[in-house]
Amino acid sequence: MQPFSTHTGMVMPLDRVNVDTDQMVPKQFLKALTREGFGRILFYDWRYLPGERPNPAFVLNFPRYKGASVLLARANFGCGSSREHAPWGVKDYGFRVVIAPSYADIFYNNCFKNGILPATLSEAEVDELFRRTEKEESYSLTVNLSNQTIADRHGLMFKFEIAPSRKEVLLKGLDDIGTTMQHEPDITAYEKTHTATATMYDTVDVKYYSNGR
Amino acid sequence: MFPIYPLLFNFQPLPGALHLHPFTGVLESQWKPMTTDTSYKTLYQKIWDSHVVREEPGQPSIIYIDRHLIHEGTSPQAFAGLRAESRKVRRPDLTFAVMDHSVSTTDRTLPILDNDAKLQFEALERNCREAGVRLFDMNSKNQGIVHIIGPELGITQPGQTIVCGDSHTSTHGAFGTLAFGIGTSEVEHVLATQCLVQSRSKMLHILVHGKRPKGVTAKDLILAIIGKIGIGGGNGHVAEYGGEAIRSLSMDGRMTVCNMTIEGGARAGMIAPDETTFAYMEGRPFVPRGKAFQEAVDRWRQLHSDENAKFDMTVELHAEKIAPQVTWGTNPGMVTSVTERVPDPHDFKDLNDQKATESALQYMGLKAGTPIVDIPVDRVFIGSCTNSRLDDLRAAAHFVEGKHVAKSIKQALIVPGSRGIKTQAEKEGLDKIFRDAGFEWRDAGCSMCIGMNADVLPPHERSASTSNRNFEGRQGKDSRTHLVSPVMAAAAAIAGHFVDVRELDVVNVE
């Protein structure tokens, strides 16, 4: 996974509470076989009019936010469906950082699997960033994960909280699976004492059972 | 009630400010950690403790997963990831696959016209064949929605950890399991290691006291709970449900409650197993028999929160005060009683709530102040992992028997949660009752809850739906969904609009 240390980028404000993952990547795009290409369809129903004409009323299509890489959002961002297609879309569009007062648990977790930093600030701090983004063309922020700071060029500086283990995963771009597999002996030892089985006592109409070990 | 979040639940200390505990208001330095006394444990702690593979101070734990459920929608990238790293599925015997999200609910002998869906089915088939993972394909007699067939076949059992790349995995918590939805990267992680890296959640206790009035179902309880705590109210928590109104629910009703736990932000919902649970389990295909079953029940009896166990937050409701619920907006927390009116944005103090309400009313094509019972519906959907079990179908059938859907209704769909449920319902003659009343009787799948197959709600049409999410566009672009109980959906089909089902002839099932 792509490591994250610091990032400086233009901010795009999405002034809406409870943005759910259905809005980020609608159902018709869940039939993909790969993780790529979701940036084009991010916020599809808000972003496009019939015939995929850009909807000029949606913030992502405002010329002033073209090239934004910091997504400023409201409370409970990413609620609803567990679809990882949502963070895939956020990342593929070009966002490396999301800033919000709170996130839904599954989305928050999924961000870390994809090198996206979901930074949490207070409601008041997020309000201030919305004001500044609105006021200043090309408003940009520098996000420093090591120091846990978000700063602009006018001297504003906010600290954000993040669990140390989460921070390490992003800083090092760790492969979770590889890390867990290093503890293979622990897993094997657990399996010896805690025998998880799934025995079928009555036949059910299921395939490939005999292929199992 | 509108989400009171973030006022109550989204505690975020301001730099330099006194750090007050969000619920007690005491200084942070005076906080007493709620879980210092380790002799009393919650159900969640008990299951967690018995699944820890590795723990290190300051690090998330590695926990073991007993059941990994997968479906065609969120698994192909996980298998592709394994292949790219030459990794194998560690425990194919603990992994169960099903086709449910995009399957047709009509004739499955016809060719699949949606090529993308077809490719996903083929990928799942190939992945299961190669890894030796049990697959319930679309033609299996036991096919159904992943969260329906797990419990139905006894794959889900008390005390287990269960994950699936689907947020409604919380359903399985009705059996006293720790069950939650995960993203595709975690699906890949579980396939490779049969483990997950997790930090402990906080614990939310939700108590519903008293008796449910006639016509008030499990769905109404959970909608009322979400209305009270807000859709982010449970973020960071695992919820455990208790109280007389929960205890008196059947397993079908308990699954409805746990299913929608995620809509209140808590990733998992749990109900301690009891005699109702054990009676449900006995004789199901994956449940041990005879002496082994009795031994299992003895173990399962330990699965409850100790009397003095501490929760981080407690929410209490009284069932007698809960009326049938109907959502009016674009998230499940935008809900009210059937006796109420569509709210006005100015009813809310918070500016963000006002804006959200305004936007929701515009999307839903509703005017503030409209009585809920005056809202006409175009289509009715009884189905989804929330409400497609036998109790749901029986309650709806009991109500519609001898009646007919209103002329104004364009479509009324019954989509059983599994083919097993469909077969049983047909034995009981429910299909005939529904057909005679003007409903369509379909094959099992996710259907018009997610609209990944042909069962899409057309633009600007309004549905009474027993599903779990009324998000913008969820059931189709510009579609307008009102979440209700199966009884309310059936009544809306007959009347053409919502009605106070307490005044009608309804049986008191979930």
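**Exercise 1. In this predicted model, work out which strands pair with strand β1 of chain A and in which direction each pair runs.**

Step 1. Begin with strand β1 of chain A, which covers residues 6-13 and is joined by five bridges to strand β7 of chain A, residues 140-144, the two strands running antiparallel. Within this pairing, A:T8 is found opposite A:T142 of β7(A).

Step 2. Turn next to strand β4 of chain A, residues 70-72, which is linked to β1(A) by three bridges and runs parallel to it. Here A:P13 has A:L72 in β4(A) as its bridge partner.

Step 3. Put together, β1(A) has an antiparallel pairing with β7(A) and a parallel pairing with β4(A).

**Exercise 2. Describe the side of chain A that touches chain B, by its residue count, its elements and its residue classes.**

Step 1. Count the residues on both sides: 61 residues of chain A are in contact with 79 residues of chain B.

Step 2. Locate the elements of chain A that supply two or more residues to this side, namely α1 (21-24), α4 (105-112), α5 (123-135), α6 (164-172), α7 (176-181) and α8 (184-193).

Step 3. Sort the residues on this side of chain A by class, which gives 23 nonpolar, 19 polar and 19 charged residues.

**Exercise 3. Decide whether B:T161 is buried or exposed, and find what surrounds it.**

Step 1. Apply the cut-off, under which a residue is buried if 20 or more other C-beta atoms lie within 10 Å of its own. Because B:T161 has 25 C-beta neighbours inside 10 Å, it counts as buried.

Step 2. List its contacts, setting aside neighbours within four places in sequence: these are B:I47, B:H51, B:I63, B:Y64, B:I65, B:D66, B:T177 and B:L178. One of them, B:I63, is 98 residues away from B:T161 in sequence, while their C-alpha atoms are 8.8 Å apart in space.

**Exercise 4. Judge how the radius of gyration of chain B agrees with that of a compact globule, and describe the chain as a whole.**

Step 1. Chain B contains 15 helices and 19 strands, and its C-alpha atoms fill a box of roughly 65 × 55 × 45 Å along the principal axes.

Step 2. A compact globule of 510 residues would have a radius of gyration near 24 Å, and chain B, with 22 Å, therefore agrees with that expectation.

Step 3. Buried residues account for 60% of the 510 residues of chain B, and of its contacts between residues at least 6 apart in sequence, 77% join residues at least 24 apart.

Terms used:
Residues numbered from 1 in each chain as written. Chains lettered and ligands numbered in written order. Predicted model: local features only at pLDDT ≥ 70, side-chain atom pairs only at ≥ 80, totals over all residues. Pairing = 2+ DSSP bridges. Helix = DSSP H or I, 4+ residues; strand = E, 2+ residues; numbered from the N terminus. Contact = placed C-beta atoms within 7 Å. Nonpolar A, V, L, I, M, F, W, Y, C, P; charged D, E, K, R; others polar. Buried ≥ 20, exposed ≤ 12 C-beta atoms within 10 Å, placed from the backbone. Rg over C-alpha atoms; globule rule 2.2 N^0.38 Å.
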